Amino acid sequence: MSDLVQVQGLRKTFKLSAKQRKLENTKQTLKVAVNDLSLTARKGEIYGLLGPNGAGKTTVLRMLATLIKPDAGEAWVDGYSIISDPEKVRASIGFLTSELKLEEFFSPDYLFDFFSQLHKVPTDVSIRRKAELFARFGIDEFAGVKVANLSSGMKQKASLAISIVHDPDIVIFDEPTNGLDVITARVVTNYLEELRDQGKTIILSTHIFSLVEKLCDRVGIIIEGRMVAEGSLQEITGGEDLEERFFDLYSASVGEVV
Amino acid sequence: MSTQSGLFAIIGKEFRRFFTDRRIVFTTVLLPGLMIYLIYSVMGNALQDMMVIDEEYQPVLYAVNLPDSLAGAFSSIGIDFEQVEPGRIDAIRADITDKKADLLIVFPADFDERVGRQLSGEQGVDPPRIEIFFNSTRTESAYQYQVMRVLLDQYKTALAPLFAVNAGSDSSMDTGGAGAGSSSGAGEEVDDPASGELPSYDLATQEDAAGFMFASLLPMFIMVFLFSGCMSVAPESIAGEKERGTIATMLVTPLARWELALGKIISLACIALLSGLSSFLGVMLSLPKLIGDATDELVGPVLYVLSDYLLILAVILSTVLLFVGVISLLSAVARTIKEATTYITPLMLVVLMISAMGVFAQGAAENYLFYLIPAYNSVQSMVGVFSFSYNPACILITVGANLAYTGICVAVLTWMFGNEKVVFTK
Ligand SMILES: Nc1ncnc2c1ncn2[C@@H]1O[C@H](COP(=O)(O)OP(=O)(O)O)[C@@H](O)[C@H]1O
Ligand SMILES: [Mg+2]
């Protein structure tokens with residue numbers, strides 16, 4: 001089976017608190033963050049979930065990572081259902097977002113061991129992997145330094161290494177280059193390509209067109225919780241500019257011209 | 001790989017977080033004990049003048065109708081009563097209120113005679129009533145009252161065997177049994193075994209007086225220290241991890257939610273216990289200063305045996321687990337450490353109130369149901385052990401109930417860690 005991630009009709013609604021209603025300037029108490037959304041990511045490809053802020057990208061990825069449960073729909077990750085087999089799903093993915101933080105008190109060295117334990121990676125395997133990944137990202141020099149004292153770029157690289165201690169077949173990355181300096185962003189995108197070349201499946205979310213054009217094999221465009229277009233970059237753009245194509249879709253679905 | 005590796009990883013991480021941070025070790029383990037010791041030592045010195053019973057102090061004791069059977073026993077252990085007429089009772093009671101006298105004991109005029117008639121098995125004799133007046137706000141007076149109660153209790157229990165011996169014996173005991181008419185004869189018979197066993201009475205006195213002191217002071221302190229020990233670690237570890245976004249990082253691994261919940265509670269309980277232990281040591285070391293040098297010898301922990309300590313330990317351990325469980329739940333509901341603290345502070349007051357109720361209730365409760373009430377059960381169990389009057393079943397119920405409540409907390413916390421509304425509150 002080459003469809004490593006299959007999503008069918010996912011739906012997620014949030015209750016809005018009074019504070020949020022004020023913030024979003026709405027009277028509705030319910031917010032449909034993800035609406036009947038389906039997607040498919042195949043083995044060995046980078047799949048890009050493209051959409052503006054608030055489109056529901058993070059919500060989709062969190063459902064895939066089993067951190068939140070869908071109201072309706074189903075998804076299979078590496079053949080495991082996110083609803084009935086969440087632990088198996090978590091064992092087969094590496095999930096990374098800027099919201100998931102490392103405890104500042106510990107060193108990358110210790111945290112790598114700790115997360116290897118949580119992922120039940122045998123000690124000898126984990127030692128080998130730690131050496132490889134730390135060398136790959138240049139963390140080895142800082143392996144013993146508390147995360148609190150690392151530069152933000154180094155923190156991000158440590159997070160990336162630690163999120164894949166268990167060598168997962170599927171890597172889910174929410175806004176991979178957000179808040180990174182250009183050099184670290186380059187290290188991260190290069191590494192994602194490297195992972196694809198190893199046959200891993202990568203799903204990332206972004207609002208940056210150039211990132212999709214540079215990295216992604218296939219794209220899903222998500223607007224207001226709905227998937228409005230899905231396909232290879234070529235299929236979506238038809239050779240045109242991705243940004244132009246996106247705003248055509250946006251106008252068509254939201255009903256206003258930008 | 002063992003299935004519990006996640007649980008051990010969590011416990012290991014919490015311990016590492018705690019024990020490799022000198023600042024936290026200092027503030028949660030060393031500081032509480034040190035502060036209590038310093039504060040109480042200063043307080044003890046200030047209280048010294050008020051609280052100390054001078055070893056040279058001669059208590060002012062009055063007795064009405066002091067029976068011959070007891071007069072000898074009292075004076076042989078250095079308790080001297082001034083014997084007065086019943087007409088002076090009111091005046092002496094006023095003196096006790098004014099702290100000019102320590103204690104007044106009033107016997108019925110025919111005490112020995114009525115005791116004798118009861119011992120001989122006569123029906124329809126009113127048990128003679130003894131009245132003791134004292135002033136609980138005066139240390140010396142309260143102390144004399146304790147001594148007197150214990151002595152009279154011992155006297156009472158000493159009489160029963162005498163009666164049994166009388167019933168089945170034919171020698172000199174006969175006189176005792178038949179000596180209802182001769183008060184001096186009965187008195188001597190009663191007096192003899194009493195004075196013969198005086199050293200053990202003396203010990204019993206000390207034990208009970210010390211027990212009284214311990215029972216009234218410690219359980220409340222212990223509860224408060226245990227609670228603040230838990231409060232100093234659990235919000236930081238649970239609400240803190242939520243606030244900093246590090247708990248979600250663990251939740252995207254195959255780690256089971258129960259492993260996270262149980263691992264947190266076990267490790268936090270260990271650390272809280274250390275913190276509580278430190279406070280406890282602080283109290284123990286400053287206690288002599290607090291309650292005065294004269295009673296110092298009485299309040300020897302020497303009096304308690306190993307099983308007493310083990311029971312106290314079991315009660316304390318189960319209490320810490322329960323406290324950590326409840327505080328962890330509140331910390332999981334809160335979004336920030338600060339919010340957690342605002343939830344927990346009222347609970348602290350409730351625990352304080354319940355502990356005070358447990359302490360001021362007279363002695364340990366006998367109804368088993370009381371031992372199902374969290375916090376109250378722990379206080380009552382400790383009061384029981386400290387005052388040498390515990391019922392093992394009650395302590396078993398206490399420990400069992402606390403562990404069961406902790407189990408419920410672990411289950412709820414497990415559910416909460418799996419609940420997106422708890423982990424991702426916007
Ligand atoms: N926990 C939550 N509670 C309430 N509303 C939420 C929650 N998470 C997301 N939302 C709302 O759902 C919508 C989609 O959010 P999100 O998935 O974060 O979008 P994106 O990642 O594409 O920017 C937004 O309107 C957001 O405010
Ligand atoms: Mg987002």
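In chain B, the side chains of B:Lys264 and B:Glu14 form a salt bridge, with N and O 2.7 Å apart. This pair joins distant parts of the chain, 250 residues apart: B:Lys264 lies in helix H11 (residues 257–291) and B:Glu14 in helix H1 of chain B. The model is predicted. Over all chains, the count of salt bridges comes to 29.

**Salt bridges linked in a network**
- B:Lys264 counts as buried because its relative accessibility is 0%, under the 20% limit.
- B:Glu14 is likewise buried, with a relative accessible area of 5%.
- A network of salt bridges links A:Glu103, B:Lys13, B:Glu14, B:Glu241 and B:Lys264.

**A salt bridge within chain A**
- A:Lys200 and A:Asp169 form a salt bridge, their closest N and O atoms being 3.7 Å apart.
- A:Lys200 is buried at 8% relative accessible area, whereas A:Asp169 is partly exposed at 38%.

**The site of ligand 1**
- Ligand 1 is surrounded by 15 residues, and the site is shared between chains because these residues come from chains A and B.
- Oxygen atoms of ligand 1 lie 2.6 Å from a side-chain N or O atom of A:Thr58 and 2.5 Å from a polar side-chain atom of A:Thr59.
- The protein covers 87% of the 560 Å² of accessible area that ligand 1 has on its own.
- H2(A) gives the most to the shell, with 3 residues.

Definitions and conventions
Residues numbered from 1 in each chain as written. Chains lettered and ligands numbered in written order. Predicted model: local features only at pLDDT ≥ 70, side-chain atom pairs only at ≥ 80, totals over all residues. Heavy atoms only, no water. Near = heavy atom within 4 Å. Polar contact = N/O pair within 3.5 Å; in protein donor to acceptor, adjacent residues only side chain to side chain. Areas by Shrake-Rupley, 256 points an atom, 1.4 Å probe, with all protein chains shown as cover. Helix = DSSP H or I, 4+ residues; strand = E, 2+ residues; numbered from the N terminus. Salt bridge = Lys/Arg side-chain N within 4 Å of Asp/Glu carboxyl O. Buried < 20%, exposed > 50% of the residue type's maximum accessible area, 1.4 Å probe, protein only.
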